[in-house]
Amino acid sequence: MKRLLAVLFVLSLLVNTAMAETVINATANRGIQRSTFTDNTVEPGISPTTGLKLSDYDVSDDFAGLAVKGVYFPVLVQISCPYDDKTKACGTGNRAPWGLQYADMIYELPLHANGEVRMTALFSDVIPDAVGPIRSARVGHIWLREEWDCGVMYYGQQEYKLTNVITETRRTGASEKGLLWPGTVGTNRPWKKYYDKYSSKYLHNANLKAPNNRTGDPAGFLIDYLMPEWPDIIAYPSQINHTMKFADAAYTGGDAATTINVSWNRKDSNEIYMYNAASGKYTRYLQSDSKKGNPVEWVELETQEPIDFSNVIIQWTETTYLGRDAPVTQNIGEYNESTGTYASIGGNCDIFMNGRHISGGWYREGINVRTVFYDENGEEVALQPGRTMIIQLPFENACSYE
């Protein structure tokens, strides 16, 4: 009954606000002169990636993370969003993710020209002992890893000539730092035993079928193997400043945005974000291609609780498909063979928080530099404390809000 009421609530809001829809122009020249950005700082005891009080977390001692062990050691994990036969929506039902309720930030990138997507979850405050379903990486994900210069768990990789993950990791030096932890390696690699097949041993549900049945234990790997010995066996922790800017009060500027519609030109991947004024967060829903067509709430598999967001950012990116399953998501500039460097890059972005919308931009000065999101005045946006969703959306897709 609770889920039915939630769906009915969403449908009523969609009907009541349909006339106020604003379609975003992804490529418009917004005429924003960006400022010079500096490193951010937070007070002791405050998370640099969520802006939350670290002492407010109450989680298992078996977990890792800044709030648990007092060590800054972020990890990225590649997360699949497969189609579910019952809900007829991607990443829902028995194909919902597990462990993402602990993620500080979640990135969503295109995976296939048919509208499939892949997520990359960043864990820093709390790093859990079960995350999945873990799937493969593309070059855009590897460029994203460079922004954080942190460890990454993934199961498989693309090796096409012009979208070769191995080539990119060698260029960036990530493969030499001990920060790549693919699950497809041999048993001699120390992280291999921290991958397993999903089963009721880990979570409550029935076994999943391959290839969307791989679970990872990043906390176990960090606690058992990495933390006791770094920096002898790994170039960590990173010296890059990843601290985000956070607001002290609820954002009240911009224009109203209680519903965000993200189109991947594929009905079962299309997303709806609904703002809950009581919690100050956006809840994510997936469209369904079932005959009923009701949106499906995006929840964590074990708890069946929604994975919601204080901030939703649409980062418009140029994407080239060198093959239908080979997207090149340009979240960093072109590689210069002669200099061995990547060019800076930027573009438009749209930021949603506290039920409001900001028309702004994004800028990444280099591959080892964090992406900065700025407002209509060119100043870095102060995010609302909490989890952030960043959608690197190709120009050929669409976003609107109401």
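Below is a short briefing on strands and their partners.

This is a predicted model, in which local features need pLDDT of at least 70, side-chain atom pairs count only at pLDDT 80 or more, and totals for chains, interfaces and linings use all residues. Residues are numbered from 1 along each chain as its sequence is written, and side-chain values use heavy atoms, with hydrogens and water left out.

- Strands are DSSP runs (E, at least two residues), numbered from the N terminus.
- Two strands pair if DSSP finds at least two bridges between them.
- Strands of a sheet pair through backbone hydrogen bonds, either parallel or antiparallel.

**The open sheet**
- Six strands, a set of 6 in the order β1-β25-β12-β13-β14-β15, form an open sheet with antiparallel pairing.
- The edges are β1 (22–23) and β15 (296–297); each has a single partner strand, so one side of each is left without a neighbour in the sheet.
- Inside this order, β12 (residues 259–263) and β25 (residues 398–401) run antiparallel and are joined by 4 bridges.
- V262 has C399 in β25 as its bridge partner.

- β3 (residues 105–110) runs parallel to β24, with 4 bridges joining them, and Y107 stands opposite I390 in β24.
- β16 (residues 311–317) also runs parallel to β24, through 7 bridges, and V312 stands opposite M389 in β24.
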